[in-house]
Amino acid sequence: MNFADSESSETQAKGESKLESFLFSYELSSKVPFYTFQGDEEEDVEHFLELRTICLGEGAKEESNVVEVTAMNHLGKTTSVPIANLHVKCLPMVSLGEFELKAPVTIRLKTGTGPVFVSGLHLIASEVEYPDLSGEEDDEEEEEEEEEELPAVKPAKKKKNH
């Protein structure tokens, strides 16, 4: 299930949610074995990382390259889970579909030397607020509508055929 499919009724009651997506890609290797994805600390904005593919890069050795992610579970506890075990000869790439995690997320090359490329989407969900049109503005709009009423339309006259 992805965020776009599961908007909450709470969000819909306040207004519409806006979802922006940006390409995400990162290379893991023995030199840089982990990356932590974090969103900005803005109010009313949530950041998600949607992982789609993990693949070995050119020059990868004949060894297992295990990639794991660390993120919060539904109880708010940090959990680490291996999501790919890549090998040049049998599984050089894995497709994760739409594996969505809420920031912060750490991606780690747990074993192997890589290079391993992780790609997907950086999703930013924000609430769109509409201006409040209550009070005097509504009264003025109603008055304008009354003034703009058109006169009644008279029915067309029938033509006599000769």
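The model is a predicted one, in which local features need pLDDT of at least 70 and side-chain atom pairs count only at pLDDT 80 or more, while totals for chains, interfaces and linings use all residues. Residues are numbered from 1 along each chain as its sequence is written, and side-chain values use heavy atoms, with hydrogens and water left out.

His47 is found in strand 3, which covers residues 45-56. Its relative accessibility is 6%, so His47 counts as buried; buried means under 20% relative accessible area, exposed means over 50%, and partly exposed lies in between, with a 1.4 Å probe and protein chains only.

## Overall make-up

Stepping back, the protein has two helices and eight strands. These are DSSP runs numbered from the N terminus, with helices being H or I of at least four residues and strands being E of at least two. Read from the N terminus on, the order of elements is α-β-β-β-β-β-β-β-β-α.

Of the 162 residues, 29% count as buried. The accessible surface comes to about 11900 Å², and carbon and sulfur atoms hold 50% of that area; accessible areas come from the Shrake-Rupley method with a 1.4 Å probe, and for residues only the protein chains shown count as cover. Among contacts between residues at least 6 apart in sequence, 78% join residues at least 24 apart.

Strands 3 and 8 run antiparallel and are joined by eleven bridges; two strands pair if DSSP finds at least two bridges between them. Within strand 8, Ala125 is the bridge partner of Glu46. Gly120 also lies in strand 8 and is buried, with a relative accessible area of 6%. Leaving out residues up to four places away in sequence, Gly120 touches Phe22, Leu23, Phe24, Glu50, Leu51 and Arg52. Gly120 and Ile54 are 66 residues apart in sequence, and their C-alpha atoms are 8.9 Å apart in space.

## Strand 7 and its partners

Strand 7 pairs with strand 2 (residues 34-37) in the antiparallel sense, over four bridges, and Tyr35 stands opposite Ile107 there. Strand 4 (residues 65-72) pairs with strand 7 as well, again antiparallel, over five bridges; here Val67 has Leu109 as its bridge partner.

Thr106 has its place in strand 7 and counts as buried at 14% relative accessibility. Its contacts, apart from neighbours within four places in sequence, are Phe34, Tyr35, Thr36, Glu68, Val69 and Thr70. With Thr36 there is also a side-chain to side-chain polar contact of 3.0 Å.

## Cis prolines and cysteines

Pro104 lies in the loop between strand 6 (93-102) and strand 7 (105-111), and a cis peptide bond with omega of about 5 degrees joins Ala103 to Pro104. Pro115 is found in the loop between strand 7 and strand 8 (116-128); the bond from Gly114 to Pro115 is cis too, with omega near 0 degrees.

As for cysteines, Cys55 is partly exposed, with a relative accessible area of 23%, whereas Cys90 is exposed at 63%. The structure holds zero disulfides, a disulfide being a pair of cysteine sulfur atoms within 2.5 Å.

Key. Contact means heavy atoms within 4.5 Å. A polar contact is a pair of N or O atoms within 3.5 Å; within protein, one must be able to donate a hydrogen and the other to accept it, and residues adjacent in sequence count only if both atoms are side-chain atoms.
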